[in-house]
Structures are given as C-alpha cells and as structure tokens.
Amino acid sequence: MLARAFTLIELLVVIAIIAVLAAVLFPVFARAREQAKATSCSSNMNQLSKAFLMYVDNSDGRYPSEGSEGRPQRNDWVWVSKLMAPEFKTAEIKAGVIFPYVKDIRVYKCPIDISVKSEITYMMSDPFDMRKMSTVAWPSSSILLVEEYEKGVWYRNDGTIWPLKDVHNWRAGGNNLDLMAPWHAGRGIVGFSDGHVKAVLQQELTPTWGAYAGGPYPRLFQMFQPDRVEEGQ
C-alpha cells in the first residue's frame with residue numbers, strides 16, 4: 001500500500017506553525033542570551049569587588065591607585081599605557097595590584113563589550129584613588145566600580161571613571177565624558193565599596209550637560225562621593 005503524501009495545504013499549515021513558533025521563541029532565546037551575559041557581567045563585577053576588599057585588607061586599609069593616564073605607579077589597580085595611537089590605550093591587566101586576587105583577565109571585560117580599544121570594561125571611581133577605607137562614610141551606597149563604555153571614536157577606557165568636576169564636593173559639577181554602560185536593558189552593573197553589586201539605570205547615574213552647568217543631578221549621582229555627609233540625596 002502506497003504511503004499517503006502530504007497535500008500542499010498541509011505543508012503550508014506546518015510551515016505556518018513553524019513560523020509562528022519561531023516568532024515566539026526567537027525573542028525568548030535572545031532575551032535568555034542577554035540575561036546570561038548580564039549574569040556573567042555581574043559575576044565579573046562581583047569578583048572584582050571582592051578582590052578590591054581583599055587588597056584593602058592586605059594594604060593597611062587603603063584602596064589602590066586608579067591607574068589612569070599611563071603613569072605607572074606601584075599601587076595601580078590596573079596599568080593603562082598609551083601604546084596605541086591615536087588616542088587609544090591598552091591595559092596591562094596583569095601588572096595591576098588587583099590581578100593576583102582575580103587571576104583571570106576575562107573578568108575585566110563584560111561579554112557585551114566588543115570594543116577593540118581597551119581590554120577593560122570596569123572602571124574604578126576616581127574619588128577612591130588611594131583612599132583609606134575608614135573615610136568611606138556609607139560603604140553600602142558608595143560606588144567603587146562602574147561598567148563603562150566608550151563614547152565616540154576618540155574615547156577610551158583608561159582604568160578610571162571621573163564622575164565629578166570637583167571630587168571634594170559632588171554638588172560642584174559633573175563630567176559627561178565617562179558614561180556608565182546601558183547594555184543590560186538600559187542598565188549598567190555597579191560595584192559598591194562594601195563588595196555588593198547591582199544593576200542601575202544609566203540615567204540614574206550619568207550626569208547631563210545641564211548638571212555640568214549647575215543643573216539638577218541624576219538621582220543616584222551622589223553615590224560617587226564616598227565621604228559625603230548624608231547617605232541620600
């Protein structure tokens with residue numbers, strides 16, 4: 001007995017069902033991939049945050065140097081040199097004082113960051129440069145590490161983020177050049193000085209030119225100032 005073949009209508013119905021399933025499942029798979037990358041990024045930031053705490057414990061309670069501008073110092077958390085031109089920098093991760101506590105250069109870069117300009121995604125907040133941990137008034141709400149991305153063809157990650165015009169008074173102004181990455185559904189991963197990490201919306205931390213000129217600040221911008229008097233804004 002001959003096997004019955006599919007009719008054209010039946011084939012079209014099957015193809016339509018497959019197309020509907022693909023339309024439903026592909027976005028789910030895409031979101032799952034993005035979530036996996038965000039989880040990996042959070043893990044990276046968590047490892048770096050804990051490495052900073054271990055370094056501070058072994059360094060008389062003092063944070064390392066932020067390591068920017070290609071001026072190598074013994075206490076740089078990561079050394080970024082001016083070996084790439086024009087305006088590019090390359091990180092010598094293993095030369096930094098944090099690497100012995102991490103021992104994996106892959107931890108220094110978010111899987112979503114595909115930039116070829118720099119090997120590092122995570123930046124140390126400049127107000128923590130060589131700061132004594134005992135001077136951090138609010139460790140659980142003071143930002144130590146930020147996931148950063150390059151803005152424009154000339155921009156580069158240099159080991160540090162400069163969120164403040166005046167590091168002694170966060171109300172004095174901001175800097176619109178160092179930006180927190182918005183890769184994770186508009187959020188970037190942030191590491192606090194007590195070692196915990198969280199995802200924060202970019203606009204809650206990144207100042208605008210209005211803030212630079214004395215206008216209103218983002219809601220969480222005060223968290224870049226570790227010795228501020230008040231915990232909230």
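In this predicted model, Leu21 is partly exposed, with a relative accessibility of 48%. Leu21 lies in helix H1. Together with Leu8, Ile9, Leu11, Leu12, Val13, Ile15 and Ile17, Leu21 makes up a nonpolar surface patch of about 780 Å².

In soluble globular proteins, nonpolar side chains tend to be buried together. Here, the largest nonpolar core comprises 43 residues. Leu48, Ile98 and Tyr108 have the most contacts inside this core. Two or more residues each come from helix H1 (8–57), helix H2 (99–102), strand E3 (122–125), strand E4 (143–149) and strand E7 (187–192). Helix H1 gives the most, with seven residues. H1 spans residues 8–57.

The surroundings of Ile98 were examined in turn. Neighbours within four places in sequence were set aside. Ile98 then touches Leu48, Ala51, Phe52, Tyr55, Pro64, Trp77 and Tyr108. Two of these partners, Leu48 and Tyr108, are themselves among the residues with the most contacts inside the core.

The structure contains zero disulfides. Cys41 takes part in none, and the nearest cysteine sulfur, in Cys110, is 3.7 Å away. A disulfide requires sulfur atoms within 2.5 Å. The sulfur of Cys110 is therefore too far from that of Cys41 for a bond, at 3.7 Å. Both cysteines are shielded by the protein: Cys41 is buried, at 0% relative accessible area, and Cys110 is buried too, at 2% relative accessibility.

Technical notes
Residues numbered from 1 in each chain as written. Predicted model: local features only at pLDDT ≥ 70, side-chain atom pairs only at ≥ 80, totals over all residues. Heavy atoms only, no water. Core = buried A, V, L, I, M, F, W, Y, C linked by side-chain atoms within 4.5 Å. Buried < 20%, exposed > 50% of the residue type's maximum accessible area, 1.4 Å probe, protein only. Helix = DSSP H or I, 4+ residues; strand = E, 2+ residues; numbered from the N terminus. Contact = heavy atoms within 4.5 Å. Patch = residues over 30% accessible without salt bridge, like charges linked within 9 Å, V, L, I, M, F, W, Y side chains within 5 Å. Areas by Shrake-Rupley, 256 points an atom, 1.4 Å probe, with all protein chains shown as cover. Salt bridge = Lys/Arg side-chain N within 4 Å of Asp/Glu carboxyl O.
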